[in-house]
Amino acid sequence: MPLQLDFFEPARADGNPDRMIRLRGFLERVLRLAERQVLPLLPLRDRIVVAAGVDPARTIRETGIGARAWATDRVDVWIDPAHPWVEAAGEEELLAMLAHELHHCARWTRPGYGTTLGEALVSEGLACVFETGFRGGVPPFWARALDATALRDVEAKARPHYDDRRYDHREWFIGAPERGLPRHTGYSLGFELVARHVHATGRTAAQLVGVPAAAFLERVATAERSLAPEL
């Protein structure tokens, strides 16, 4: 199967065997959905290991699920089986999150996730736009965490650092309010930058998966130059 389920050790759910059986079934169902609905949209050919574990500390507190793509062939998923959202809407939530991470896997092949702030913003923005298609067209809350005024402020703050390789990823994407970076700043700004590009080009996030970040950032710079007053 294109998506292979694996478990971290120890693979347990609070010492509850029945809960572990349900968790395995839950994960298997979502992986099969992702094989049918997500993989055909992306240039992914090799088998991808989806490694799962029970670790509430590594999940998003609102959903009880967390995930990360490390390379072209590996996605890690963490679940809090006791979280009420996992019971209420877990399959839909995990499918959307897998779509996000599988987009990263596809981008890892070419041009890569990126090493600068600008590249990370574009990679996360693309993945957020892509997963929106698996949420009924509604972006995830981390992609719309900032209002228009806050987005303008953080975009101005980020612009001089787009080429910075020493940026603090946690501060930009998780948040550092004391530095003027609210929670989920990077996801929201990346989503905005990519959404503008999608609107202008008519291409989808899947079609843009291999486009270098410079194309997105140059479009923003070009738009700003066209709006600048003549001297």
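Modeller: Happy to! Contacts between residues 24 or more positions apart make up 70% of the chain's contacts with a separation of 6 or more, where contact means heavy atoms within 4.5 Å. This is a predicted model, so local features need pLDDT of at least 70 and side-chain atom pairs count only at pLDDT 80 or more, while totals for chains, interfaces and linings use all residues. Residues are numbered from 1 along each chain as its sequence is written, and side-chain values use heavy atoms, leaving out hydrogens and water.

For orientation, the chain holds seven helices and four strands, in the order β-α-β-β-β-α-α-α-α-α-α along the sequence. These are DSSP runs numbered from the N terminus: H or I of at least four residues for helices, E of at least two for strands. Of the 231 residues, 49% count as buried, that is, under 20% relative accessible area, with exposed over 50% and partly exposed in between (1.4 Å probe, protein chains only).

The part I would pick is helix α2, residues 84–109. Its 26 residues should span 38 Å at 1.5 Å a residue, and its end C-alpha atoms are 36 Å apart, which agrees; the expected span is 1.5 Å times one less than the number of residues. Even so, α2 bends by about 85 degrees at Gly-90. That bend is the angle between axes fitted to the seven residues ending at a residue and the seven starting there.

Further along α2 comes His-100, which counts as buried because its relative accessibility is 5%. Its side chain makes a polar contact of 3.2 Å with that of His-104. A polar contact is a pair of N or O atoms within 3.5 Å; within protein, one must be able to donate a hydrogen and the other to accept it, and residues adjacent in sequence count only if both atoms are side-chain atoms. An α-helix has 3.6 residues a turn, so residues three or four places apart point the same way.

Leaving aside residues up to four places away in sequence, His-100 touches Glu-124, Ala-127, Cys-128 and Glu-131. Helix α3 covers 117–132, and 15 of its 16 residues are buried. From first C-alpha to last, α3 reaches 22 Å, close to the 22 Å expected. The loop between α2 and α3 contains Pro-111, joined to Arg-110 by a cis peptide bond with omega of about 10 degrees.

Finally, α2 has a share in the largest pocket: β3, α2, α3 and α5 each supply at least two residues of its lining. The pocket has a volume of about 970 Å³ and 27 lining residues, with Arg-58, Ala-67, Arg-68, Ile-174 and Tyr-187 nearest its centre. On a 1 Å grid over the protein atoms alone, a pocket is an open set of points where a 1.4 Å probe fits, with protein on both sides within 12 Å along at least five of seven lines, and lining residues have an atom within 4 Å of a point. Points are joined across faces, edges and corners, and the volume is the space filled by probe spheres set on them.
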